[in-house]
Amino acid sequence: MSLSMQEQIRAKVREGYGTIARTEQSCCSGASCCGSTPEVARELAVKLGYDPTLLETLPEGTNLGLSCGNPQAIATLAKGEHVLDLGSGAGFDVFLAAQAVGPSGKAIGVDMTVEMLAKARRNAEAFATRTGLGNVEFRLGEIEHLPVADSSVDVVVSNCVINLSPDKPRVWREIARVLKPGGRVAISDLALLRPLPEGATSLVDALVGCVAGASLVSDIERDIRAAGLVDAEISVKHEYVAVMENVGDSLYQQILALLPEGRKLSDYIVSADISARSSRAGDKHVPGTGPGGGDDARLHDEAPAWHQSSSCCGAGETGCC
Ligand SMILES: C[S@@+](CC[C@H](N)C(=O)[O-])C[C@H]1O[C@@H](n2cnc3c(N)ncnc32)[C@H](O)[C@@H]1O
């Protein structure tokens with residue numbers, strides 16, 4: 001993809017999330033499939049496994065219902081660790097990570113949308129007042145060009161963001177660059193089991209809504225391995241998208257109309273939990289030589305673990321990306 005095409009995609013994504021940051025619009029507005037009312041966003045987070053008590057510590061307007069998974073559940077953060085959140089939005093996972101790593105640790109969020117960053121920084125002030133923690137920092141930047149030093153981070157988390165990048169191999173290389181030796185990756189994102197029909201990938205709302213740019217699971221595995229990360233595991237979850245197709249969300253209805261008869265959206269799109277780690281200091285990474293006979297990415301296809309009902313648009317619940 002040419003650089004100008006990449007820039008055009010980033011501009012569309014930036015515009016979409018700038019609007020969401022300014023208006024906190026709901027996906028039920030039909031404008032795009034992102035964002036929810038505070039109540040719906042909270043309910044979605046609880047269904048994704050976030051601790052309701054910890055959610056209470058978040059300043060208002062932090063959880064915009066933009067998540068599609070729970071990276072912290074696979075991150076197992078420890079006190080003193082330095083965590084980097086790619087595409088941190090209004091700060092949702094950053095504030096939770098900051099509490100997990102405590103005052104001796106640090107949580108850094110990177111986002112390219114100025115309005116989101118401004119919102120996150122305002123939220124950081126309220127967060128510091130509520131918790132006494134000053135260990136968060138938000139940096140303006142693109143995840144393809146991280147404003148972060150080499151080998152400086154213990155854990156990279158991200159929630160529903162890498163699908164939005166027009167240069168995903170570069171994002172994975174940047175992750176590998178900033179991780180300390182032995183550092184780890186805990187990422188949730190939308191992924192494809194098979195390519196979407198062409199009409200669906202050209203919908204701008206589908207791009208901003210975390211659908212059109214999603215990668216095939218096999219391409220994610222390839223990018224992780226090519227970046228030199230090891231021990232990759234990808235767990236796919238069908239139920240997240242199944243919920244949305246049941247609820248009449250306008251974007252998902254548009255895409256559904258483009259699918260071959262009899263196909264469901266969840267035959268194509270899934271939520272994926274992705275973990276991997278940087279090879280240890282001095283390790284020379286040789287593909288296929290990891291523990292257990294190889295470091296090839298392992299794919300888990302998980303049985304639905306949470307909600308079959310609920311929803312946003314239509315029945316009134318659920319954030320969409
Ligand atoms: C779906 S939202 C997720 C926000 C946050 N992770 C959450 O769960 O609340 C995507 C965020 O990623 C940011 N983003 C998208 N593409 C990006 C890129 N290439 N570089 C940096 N930030 C990006 C957007 O500005 C937006 O804030």
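Trainee: What percentage of the residues in the chain is buried?
Mentor: Keep in mind that this is a predicted model. Of the 321 residues in the chain, 51% are buried.
Trainee: And how many helices and strands are there in the chain?
Mentor: The chain has 12 helices and 9 strands.
Trainee: Okay, what share of the contacts with a separation of 6 or more comes from residues 24 or more positions apart?
Mentor: In this chain, such pairs make up 76% of those contacts.
Trainee: Let's switch to the ligand. Which residues come nearest to it?
Mentor: There are 26 residues around the ligand, and the nearest are Gly87, Gly89, Met112, Thr113 and Asn159.
Trainee: How does that shell split by class?
Mentor: The shell around the ligand holds 5 charged, 7 polar and 14 nonpolar residues.
Trainee: Which helices each supply at least two residues of the shell?
Mentor: Those are H1, residues 3-23, and H5, residues 92-101. The largest share comes from H1, with 3 residues.
Trainee: Nice. Which residues meet there?
Mentor: From H1 you have Tyr17, Gly18, Ala21 and Arg22, and they meet Glu115, Met116 and Lys119 of H6. By class, that contact of H1 with H6 has 3 charged, 3 nonpolar and 1 polar residue.
Trainee: Great, thanks!

Technical notes
Residues are numbered from 1 along each chain as its sequence is written. This is a predicted model: local features need pLDDT of at least 70, side-chain atom pairs count only at pLDDT 80 or more; totals for chains, interfaces and linings use all residues. A residue is near a molecule or strand if its C-beta atom, placed from the backbone, lies within 6 Å of it. Helices (H or I, at least four residues) and strands (E, at least two) are DSSP runs, numbered from the N terminus. Ala, Val, Leu, Ile, Met, Phe, Trp, Tyr, Cys and Pro count as nonpolar, Asp, Glu, Lys and Arg as charged, and the others, Gly among them, as polar. Two residues are in contact if their C-beta atoms, placed from the backbone, lie within 7 Å. A residue is buried if 20 or more other C-beta atoms lie within 10 Å of its own, exposed if 12 or fewer, and partly exposed in between; C-beta atoms are placed from the backbone.
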